[in-house]
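Subject: Handover of a model, with notes

Dear colleague,

I am passing the model below to you, together with some notes on what was found in it. Please read the notes with the structure open beside them.

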Amino acid sequence: MTAFAITLSGGTAANAAPTEKELKKKIEVASEKLEDVTEQYNKLRLDIKKTKADGVKLEASLKPAQEALDKATEKVGTIAKTTYMQGRTGPMTVLVSGDSENLMERLAFLEQITRSNQQDIDTFRETTQSFADRQEALASTLKKQNAQSTELVKTKKKIEGDLEDLYDMRETVYGSPTEGGNGSYTGKIPNIAGSAGVAVTFAFNQIGKPYGFGDAGPNSYDCSGLTSAAWAKAGKSLPHNAAAQYSATARISKADLQPGDLVFYRNNAHVAIYVGGGKIIDAPSAGRDVLHRTVNIMTPNGYGRVK
């Protein structure tokens with residue numbers, strides 16, 4: 001067993017064993033802390049996914065620059081080769097060749113060649129610099145990605161450690177490391193039209209499945225994993241993070257709440273799907289199954305409608 005008084009409750013260690021009521025309170029506090037870390041983990045995964053996508057776009061954007069660089073290089077090489085083989089062409093060559101009637105025409109032609117050559121050289125220089133700048137940006141993106149990956153590993157280990165402590169506490173209180181629910185839902189699923197109905201039906205069918213940090217099914221879920229999976233079934237994409245889902249949905253009032261809407265708690269650290277009749281379905285916390293329960297599990301801080 002792990003000593004929890006300092007690490008999870010913030011209190012001081014005591015020699016006397018905590019009462020069952022005290023342990024339940026510690027479990028509640030630990031569950032909220034663990035869910036906070038879980039959502040931070042989910043947010044970090046979203047950030048890394050975006051960073052990788054930006055890297056792919058940047059890599060793709062280098063291709064036109066490389067092609068332009070190759071063309072400019074080829075042109076500069078041709079200029080150099082031609083100049084070497086034909087000798088330097090300058091004003092004196094034009095002046096002493098041919099008749100005077102075509103002198104202005106030949107001078108204009110010479111100026112055009114010179115200007116064209118300089119343009120190719122300038123293009124070469126600009127393209128090379130652009131290519132180098134883009135390469136540097138890509139390297140910076142990859143460095144950021146690696147740093148985020150390292151942080152993700154640390155966060156994951158922190159979650160796993162909190163889970164172990166939490167399961168130890170649950171075993172003390174319940175005689176089992178996990179707190180089971182009432183099993184899968186066997187009641188009547190409400191008939192709701194449209195995509196909201198698809199999401200709600202999906203949520204009902206997940207009742208009884210265990211909580212799993214960072215999970216979005218099909219066998220286990222965390223809170224935002226459940227809501228994102230439910231709406232994915234209905235063809236809508238939601239980020240796997242409660243706070244990000246708050247930003248991705250339209251604000252509505254409690255009076256406008258309809259089945260399929262999302263309910264947010266604890267400053268967007270927890271999210272549930274509203275299923276009608278004053279009830280929600282949510283993945284509560286580690287050691288607990290997906291539940292069908294009252295919307296008033298705690299005071300909501302906001303409501304969102306999937307766009």
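The notes below begin with conventions and then go through the sheet, the helices and some side chains.

This is a predicted model, in which local features need pLDDT of at least 70 and side-chain atom pairs count only at pLDDT 80 or more, while totals for chains, interfaces and linings use all residues. Residues are numbered from 1 along each chain as its sequence is written, and side-chain values use heavy atoms, with hydrogens and water left out.

The sheet

Helices (H or I, at least four residues) and strands (E, at least two) are DSSP runs, numbered from the N terminus, and two strands pair if DSSP finds at least two bridges between them. On that basis 6 strands form an open sheet, with antiparallel pairing, in the order E1-E6-E2-E3-E4-E5. Strand E1 (249–252) and strand E5 (291–294) stand at the edges with a single partner strand each, so one side of each has no neighbour in the sheet. Neighbouring strands are turned by 40 degrees against each other on average, direction ignored, where axes are lines fitted to C-alpha atoms, for helices over the stretch in contact, and angles run from 0 to 180 degrees between N-to-C directions.

Strand E3 (residues 270–276) has 7 of its 7 residues buried, so it is largely enclosed by the rest of the structure; buried means under 20% relative accessible area, exposed over 50%, and partly exposed in between (1.4 Å probe, protein chains only). Strand E2 (residues 262–265) is joined to E3 by 4 bridges in an antiparallel arrangement, and Phe264 has Val271 in E3 as its bridge partner. These two strands, E2 and E3, form a hairpin with 4 residues between them, and Arg266 in the turn has a positive phi of about 45 degrees. On to strand E4 (residues 279–282), E3 is joined by 3 bridges, again antiparallel, and Ile273 stands opposite Ile281 in E4. The hairpin of E3 and E4 has 2 residues between the strands, with Gly277 in the turn at a positive phi of about 65 degrees.

Helices on the sheet

H4 lies across E3, E4 and E5 and runs at about 110 degrees to E3, whereas H5 packs on the sheet by touching E2, E3, E4 and E6, its direction making about 45 degrees with that of E3. Contact here means heavy atoms within 4.5 Å.

Aromatic side chains

Rings of Phe, Tyr and Trp (its six-membered ring) pair if their centres lie within 6.5 Å, and planes under 30 degrees apart count as stacked, over 60 as edge-to-face and the rest as tilted. By this rule the count comes to 3 aromatic pairs. One of them is the edge-to-face pair of Tyr41 and Phe213, at 5.9 Å centre to centre with 70 degrees between the planes; this pair links distant parts of the chain, 172 residues apart, with Tyr41 in helix H1 (residues 20–86) and Phe213 in the loop between helix H4 (194–206) and helix H5 (223–233). Both Tyr41 and Phe213 are buried. Another is the tilted pair of Tyr185 and Phe204, at 4.7 Å centre to centre and 50 degrees between the planes. Here Tyr185 is partly exposed, with a relative accessible area of 29%, while Phe204 is buried, with a relative accessible area of 3%.

Best regards
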